[in-house]
Amino acid sequence: MAAPQSDFLRILTERGFIHQCSDMQGLDALAAKGEVVAYVGYDCTAPSLHVGHLLSIMMLHWMQKTGAGKPITLMGGGTTRVGDPSGRDETRKILSIDDINANKDALKGVFAKLLTFGDGRTDAIMPDNAEWLTRLNYIEMLRDIGRHFSVNRMMTMDSVRMRLEREQELSFIEFNYMILQSYDFVELARRYGTNLQMGGSDQWGNIVTGVDLGRRMGTHQLYALTCPLLTTSSGAKMGKTAAGAVWLNADMLSNYDYWQFWRNTEDGDVARFLKLFTLLPMAEIDRLAALQGAEINEAKKVLATEATALVRGREAAEAAAETAKKTFEQGALGADLPVVTVPAGELSAGIGVLALFVRAGLVASNGEARRQVAGGGLRLNDEAVTDPQAVVTGAALKDGVAKLSFGRKKHVLVKVG
């Protein structure tokens, strides 16, 4: 199609957000008039979202910022009770209602960093699909909603087909997930005038099924828009590290570690991530993307600080950047490094150096720590650990702390608690 007329789709296009759209011209016309009401659903499976969720949140952010319409962050208090089978080889753990509600409350804060909530025309709202899904009568659901679904078509959906091809069990409750997600779209259309669902490309099948269900159940025209599922230049899944998911909430991942995740971006991903995960203007991104050789590290620092400022705040981002500068460039002890606390009595008796690195989360096991010692990868107070049998006592603390390091970029402080 021709270049988008709306600022919303123009920005999404030039920044690399768009993977698929059910009707780009129709959606563009709505966005140009400021009449889009778009939602993204977030199940409450953990007390924090991770960086993989940022793409869809940024899409909602740009929609609101350009005046294209109203964002809806749908909390999946109902669908979390079922479990989304998309992209999984095994059934998700069924959570208790109390756990789901606790997770939901913990998730809310991050959205306020990127969206403005309120009662205005383009202000965001945050409903919970438990409001309608938990009230469905099963017989009525089968008759009024289920009759519009073809089992033949459902079997071709990636979330179902891939599980069956791998001979992995797919529970009946999971099989129903796409029905509930599709009905969410219809219910949101009826309640709030929603006309667009956005999400990752793995959700395309579920989203267009919702578009079709809306047509069958007499809603206004609905649209689907997905963003790519990101992998790094080396093929790794975006947002996954050896230590696990890169969480957005500070109580699950320190500001320093979050900043460091972005600082460690591969050279080939810097320009793309600047477009997707910062609010920098394109001219500045183009300037940074043109940096070559050692200068690309400056672009990585900008990426780390800007991406961290988005979800952790500018002050936290700049503090993390300063900690990194002191630690790497000046050889000083950054006070904002992650901390592991050790009881005084335990430290007095002495702790095996391998066990201490495991406790700090720098290595996964004593065996891995031993291999890193052999390769010169572990340091205590900036000195290489050479004896895997060494014991760390209070004598290792300088000004009340000791610094554990794995490689050049991973550091943890040890303090007495």
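Q: Why is valine 391 called exposed in this predicted model?
A: In this predicted model, valine 391 has a relative accessible area of 52%, and because exposed means over 50%, valine 391 counts as exposed. The residue lies in strand E12, which covers residues 391–392.

Q: Which residues is valine 391 in contact with, leaving aside its neighbours within four places in sequence?
A: Valine 391 is in contact with Gly350, Ile351 and Gly352, the criterion being heavy atoms within 4.5 Å. Valine 391 and alanine 355, 36 residues apart in sequence, are 9.5 Å apart in space, C-alpha to C-alpha.

Q: Why is tyrosine 138 called partly exposed?
A: Its relative accessible area is 47%, and since buried means under 20% and exposed over 50%, with partly exposed in between, tyrosine 138 is partly exposed. Tyrosine 138 lies in helix H6, and together with Ile139, Leu142 and Phe172 it makes a nonpolar surface patch of about 460 Å². Helix H6, residues 138–144, gives the largest share of that patch, three residues.

Q: How do you know whether tyrosine 39 and phenylalanine 185 are buried or exposed?
A: Tyrosine 39 has a relative accessible area of 1% and phenylalanine 185 one of 0%; because buried means under 20%, tyrosine 39 is buried, and phenylalanine 185 is buried as well.

Q: Why is the aromatic pair of tryptophan 262 and phenylalanine 277 called tilted?
A: The angle between the planes is 50° and the distance is 4.9 Å centre to centre; because planes under 30 degrees apart count as stacked, over 60 as edge-to-face and the rest as tilted, this pair is tilted. Tryptophan 262 lies in helix H12 (residues 255–263) and phenylalanine 277 in helix H13 (residues 270–277), so the pair ties together parts that are 15 residues apart in sequence. Ring pairs link Trp262 and Phe277 into a cluster with Tyr258, Phe261 and Phe273.

Conventions. Residues numbered from 1 in each chain as written. Predicted model: local features only at pLDDT ≥ 70, side-chain atom pairs only at ≥ 80, totals over all residues. Heavy atoms only, no water. Helix = DSSP H or I, 4+ residues; strand = E, 2+ residues; numbered from the N terminus. Buried < 20%, exposed > 50% of the residue type's maximum accessible area, 1.4 Å probe, protein only. Patch = residues over 30% accessible without salt bridge, like charges linked within 9 Å, V, L, I, M, F, W, Y side chains within 5 Å. Areas by Shrake-Rupley, 256 points an atom, 1.4 Å probe, with all protein chains shown as cover. Salt bridge = Lys/Arg side-chain N within 4 Å of Asp/Glu carboxyl O. Phe/Tyr/Trp six-rings, centres within 6.5 Å; stacked < 30°, edge-to-face > 60°.
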